[in-house]
Every structure is written in structure tokens, then in C-alpha cells.
Amino acid sequence: MSDLKPLPAQARAFFQTHRWSILLALLVALILLDGFEDRVHWADSAGLWGLSALFVGIVGATGHNTVLRFAMGVPVVAWILLIVLHEFWGVKADGLLAALAGILLFGAMITSFWQLIGPVHSEYERLSSGVFGYLLMAMLWGVIYWRIEAAHPGAFNLPPDVQGERAPFVYFSMITMTTVGYGEMTPAASLPRVLTGLQAIVGTMFVAIFIGRIVGRLK
């Protein structure tokens, strides 16, 4: 009985061992929740709070890298404060939210790349971290597009049925990152055009590095 750990310690150990798998499951749930944004009135708020919890989880997943944890922790705190002001007091902060999403996007990319080359508990966790990083980049880029359109209407050519929901921009981000591009949504201003081109390049590079790293580990 003396070898048994207290429940909080067990939970902490479980998270440290399976942290990227847990974060990946939460991220997939948030992406699926976006699909019900036009049917469930609370989906938008739940998605923002879920994204906040995801950011906190990323900070916890950085392990003992103090510099990276601090670099991610500061914008995460600022993000949560803006979400609180937006949700409870109706404060408009589209530009700041887009800027913070960009900073967190960069931090998520660094964290994912670090996880690909650094030590992990298992190769399964390395695979989970790679998929997580790829999907997170797609989602955060979608949030940036969403806030740009909210701050500057007309920045994107949108289908008639899109009325400012976040889900269509996450979808647009995914097809841009995979270089599919169906064409029903297109950037109409200089900044979105530059960002979509950059996203396509980063997405292709990430997949190449990710596959190369996994194949190299299996040899």
C-alpha cells in the first residue's frame, strides 16, 4: 500500500506520460464541435474556452523547458483574459485575438518541432505530438482568418451561407494547409493572400519533416 501514489500524483504522472495523446483528443473534439456551431448556440463559446484549456495543456506539456514554458505562458494568460472580457463584458478585441493566435501558433509550431527531435516517453507519443501540432496549426490559422474577416469584412470571398462563423475558416485553413483548395472560399485582400501562401508552405514543410523523422526512427 505504501507504493501507491496519491490520486493527484497519479493523474499528473498519467498526463506527463500521455500528454500529447490527451491534447490530441481534446483538439479533435474541438474541431468536431466547430461543425455544430450553426446548430448549437453555445458551441462558439465552448470552442473558445476549450481552446483556452488546450493552450494551458500545451504550456504544461513543455516539460522542464523553462524558457519555452514562459514564452507560451504569457500569451496564454493574455488570451484567457481577452476571452473573459469578450465573453462576459462584450469587449471587442478582434485584432488582439488575431495577434495572440498568431503568437500562439508560432509557439505551438516550435513546441511541436521540439517534440519531434527531443526525447519522448514513446514513439507513439511522438506520433501523437506530430499529428497534434499539424491539426493545431490548421485550427489556429483558421482562428486568425476568422478574426481578420471579423475586423475587416470583405477580406475573404465567402459563400452566401457563411455568416461569420468560425467553422468555415477552420475548414478553409485545413484545405489550404493540405493544398487542396476547393475554391468556394478565397482571400480577397493582401494580408490573407500572403498568410494563405505562407500556410501552404509551412504545412508542406511540416509534413515532410514529420514523415522524415518518423521513418528515420523506424529504421
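## Helices α3 and α4

The axes of helix α3 (residues 66-89) and helix α4 (residues 94-117) come within 10 Å and cross at roughly 150 degrees. Therefore α3 is roughly antiparallel to α4 (angle over 145 degrees). The crossing is left-handed. Axes are lines fitted to C-alpha atoms over the stretch in contact, with angles from 0 to 180 degrees between N-to-C directions. Helices are DSSP runs of H or I, at least four residues, numbered from the N terminus.

From α3, the contact (heavy atoms within 4.5 Å) includes Met 72, Trp 79 and Ile 83. From α4, Leu 100, Leu 104 and Gly 107 are among the residues met. The contact residues divide into 16 nonpolar, two polar and no charged. Gly counts as polar here; Asp, Glu, Lys and Arg count as charged.

## Model and numbering

This is a predicted model: local features need pLDDT of at least 70, side-chain atom pairs count only at pLDDT 80 or more, and totals for chains, interfaces and linings use all residues. Residues are numbered from 1 along each chain as its sequence is written, and side-chain values use heavy atoms, without hydrogens and water.

## Helices α4 and α5

The axes of α4 and helix α5 (residues 123-151) come within 9 Å and cross at roughly 165 degrees. So α4 is roughly antiparallel to α5. This crossing is left-handed. Its contact residues divide into 17 nonpolar, six polar and three charged.

## Second largest pocket

Helix α6 (residues 167-177) gives the largest share of this pocket's lining, three residues. By class, the lining has six nonpolar, one polar and six charged residues.

Technical notes:
Helix = DSSP H or I, 4+ residues; strand = E, 2+ residues; numbered from the N terminus. Parallel < 35°, antiparallel > 145°, perpendicular 65-115°, else oblique. Left-handed = near helix turned anticlockwise from the far one by under 90°.
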